[in-house]
Amino acid sequence: MRPKLTAISKTDPGTRKTILEINKLRKVFSVNGSFLTVLDCIDFSVKSGEMICILGRSGCGKSTLLKMLAGFLTPSSGEILLNGKPVSDPGTDRCVVFQEDTLFPWLTVQENIAFGLRGRNKDKKGIRKEVDRFLALVGLTEFRDYLPREISGGMKQRVALARVLILKPQILFMDEPFASLDAQTREEMQNLLLSLWEKLSHTIIFVTHDVNEAITLSDRILVMSKNPGRIREDIHVNLARPRKLEKEEFIFFSRKLYEHLCD
Amino acid sequence: MTKRENNLIRNPVFPPRRGTFRAWGRSGQTKLTLLPWLIPALFLSAWIAASETGLIPTYLLPHPLEVGRAGYNYIFGKVGDASFAGRFLGDASASLIRVGTGFGVAVIFGIPLGILSGRLSVVQRLMGTTVNALRAVPGISWLPLALVWFGIGMKTTVFLVALAAFFPIYLNAAAGARQINPLLLQAGAMMGVKRLRGTFAILLPGSMPHMMTGLRLGLGIAWAYLVLGELTGVPNGLGAVIMDARMLGRIDIIVVGIIIIAIMGRLGDQLLTISLRFCFKSARRTS
Ligand SMILES: Nc1ncnc2c1ncn2[C@@H]1O[C@H](COP(=O)(O)OP(=O)(O)OP(=O)(O)O)[C@@H](O)[C@H]1O
Ligand SMILES: [Mg+2]
């Protein structure tokens with residue numbers, strides 16, 4: 001058996017309260033009359049304020065897992081508890097940043113960000129103030145009146161981030177949100193996410209297939225295996241922040257993790 | 001580095017902000033303003049040439065000047081001066097009311113039913129076969145039945161117009177609702193959107209480009225069936241004028257009627273597009 005990568009990281013106090021608990025989660029799809037077990041025996045829990053990365057190769061069921069956590073899909077068996085209560089429908093307490101562009105094309109940047117708040121009966125002034133704040137947080141104040149088709153992919157993901165952060169979800173799911181961006185923009189977005197995480201201290205589950213991204217962002221990485229998708233390892237990352245790709249310890253960690261992922 | 005370049009770096013030039021009016025037109029349109037008139041102009045020249053040279057006898061197609069005079073009289077003449085003089089206002093308003101009512105009825109049924117059948121497979125299964133079967137029936141076959149049911153006049157015309165305009169409106173609304181990206185609906189659900197708000201905030205705007213196509217097609221067909229309904233012997237309306245003129249052998253008035261219908265149809269389409277863009281963000285921004 002392979003030795004564990006690291007000991008418990010010092011940034012994780014272990015005293016925080018558990019916010020999300022997943023027990024024996026299983027998802028079976030029936031495809032053309034036969035059954036395909038996509039996820040099996042998924043067990044983990046998330047503490048308030050944690051940023052967790054789920055790392056796995058394409059097709060291992062990461063998106064399926066996220067969709068169940070968000071309430072878009074019902075599990076075949078097992079349970080998902082948010083603050084002790086089972087999750088069934090989608091709700092504003094669990095928000096998703098999708099991999100694809102899912103902004104409303106007929107709304108401007110600021111209208112997209114305000115969309116969720118409009119549903120809660122809040123006064124116009126209050127909404128306006130919140131939107132201004134989040135526009136500034138993601139650095140899009142200048143582009144508030146633009147339509148999604150008039151801004152770049154990176155900016156779209158900023159809008160997607162802002163429109164859910166503004167709702168103050170208990171937990172935020174991100175499904176490979178930066179996968180389609182170029183390397184520099186991706187790094188920019190990672191830094192933005194980290195700074196927002198520090199400022200707003202959200203609980204985040206971040207799905208990725210990029211080893212370096214996982215190490216840059218999170219203190220805890222869940223490595224998934226394929227066919228059926230299982231959580232194979234729960235790794236704590238105790239590298240000092242900010243984590244720079246060039247640092248020797250980063251490279252060492254990344255190589256180790258990559259080996260874990262491959263076999 | 002020049003001052004201007006320096007300025008540009010400090011204040012980069014962003015594309016212009018979204019103004020309500022700017023978004024209505026499309027850029028590059030101004031240079032081509034005359035192009036749409038080319039075909040009518042050619043047509044008119046050919047007509048003048050044919051009349052001047054006597055290629056087409058006047059009892060088949062009167063000289064453009066004569067038609068122009070008849071049209072002037074029809075529109076601006078004093079009622080009673082001559083047959084057809086000054087009838088325009090009454091005819092046009094009667095026709096507009098019939099088209100408007102029929103089209104309105106088609107919209108009231110077509111849009112909600114279309115959206116429902118685009119989203120709910122139960123409704124699609126329920127309606128699909130019937131709608132497609134009825135759609136295959138040419139509108140004119142309803143005319144005898146409509147005459148029996150509603151008699152001559154407003155009701156028959158409105159019935160025909162509504163029936164004909166319903167199908168393109170319904171079918172396009174259904175197509176629009178069906179093709180909405182399901183991720184947009186999921187995103188809405190995650191941001192706390194419930195049924196009612198989802199319909200108005202996501203479903204309608206998301207299907208707007210298709211719906212607009214359906215409405216425009218519907219309005220075009222509405223004009224066609226208006227004239228059909230009015231040919232049956234109602235006392236006023238643009239179709240009635242054409243019918244009366246045929247009885248009296250006034251070819252010039254027939255041509256005047258056709259031209260007026262063409263112009264009003266075109267203006268109606270434009271008015272529809274403009275008012276949709278005025279009323280709905282999604283119509284301004286996505287179609
Ligand atoms: N609705 C569905 N019906 C049947 N099978 C499905 C369905 N959704 C996903 N699957 C199957 O589940 C498996 C996992 O899919 P999923 O999209 O969760 O993978 P992923 O880990 O997100 O991959 P990627 O990194 O490429 O996004 C795939 O083999 C896929 O074929
Ligand atoms: Mg995926």
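Reply: A:Leu81 stands opposite A:Pro86, a residue of S5(A). That pair belongs to the antiparallel pairing of S4(A), residues 77-82, with S5(A), which runs over two bridges. The model is a predicted one.

The sheet around this pair is open and has four strands in the order S2-S1-S4-S5 of chain A, with antiparallel pairing. Strand S2 (34-47) and strand S5 (85-86) of chain A are the edge strands, each pairing on one side only.

From S4(A) the next step across the sheet is S1(A): these two strands pair in the antiparallel sense over five bridges. Within that pairing, A:Arg26 has A:Ser77 of S4(A) as its bridge partner.

One position to look at here is A:Thr18, which stands opposite A:Lys47 in S2(A). S1(A) and S2(A) form a hairpin, and two residues lie between them. A:Asn32 sits in the turn and has a positive phi of about 50°.

Helix H1 of chain A, residues 62-70, lies across strand S1 (18-31), S2 and S4 of chain A. Its direction is at about 120° to S1(A).

Now the contact between the chains. Chain A gives 32 residues to it and chain B gives 24 residues. Together the two chains bury about 2400 Å², and 66% of that area is on carbon and sulfur atoms. Five residue pairs are in polar contact between chain B and chain A, counting pairs with both residues at pLDDT 80 or more. Two salt bridges are found across the interface. One of the salt bridges joins the side chains of B:Lys281 and A:Glu111, at 3.3 Å from N to O.

H8(B) provides the largest share, seven residues. By type, the chain B residues on this side divide into twelve nonpolar, seven polar and five charged.

Key:
Residues numbered from 1 in each chain as written. Chains lettered and ligands numbered in written order. Predicted model: local features only at pLDDT ≥ 70, side-chain atom pairs only at ≥ 80, totals over all residues. Heavy atoms only, no water. Contact = heavy atoms within 4.5 Å. Buried area = accessible area lost by both parts, 1.4 Å probe. Salt bridge = Lys/Arg side-chain N within 4 Å of Asp/Glu carboxyl O. Polar contact = N/O pair within 3.5 Å; in protein donor to acceptor, adjacent residues only side chain to side chain. Nonpolar A, V, L, I, M, F, W, Y, C, P; charged D, E, K, R; others polar. Pairing = 2+ DSSP bridges. Axes fitted to C-alpha atoms, helices over the stretch in contact; angles between N-to-C directions.
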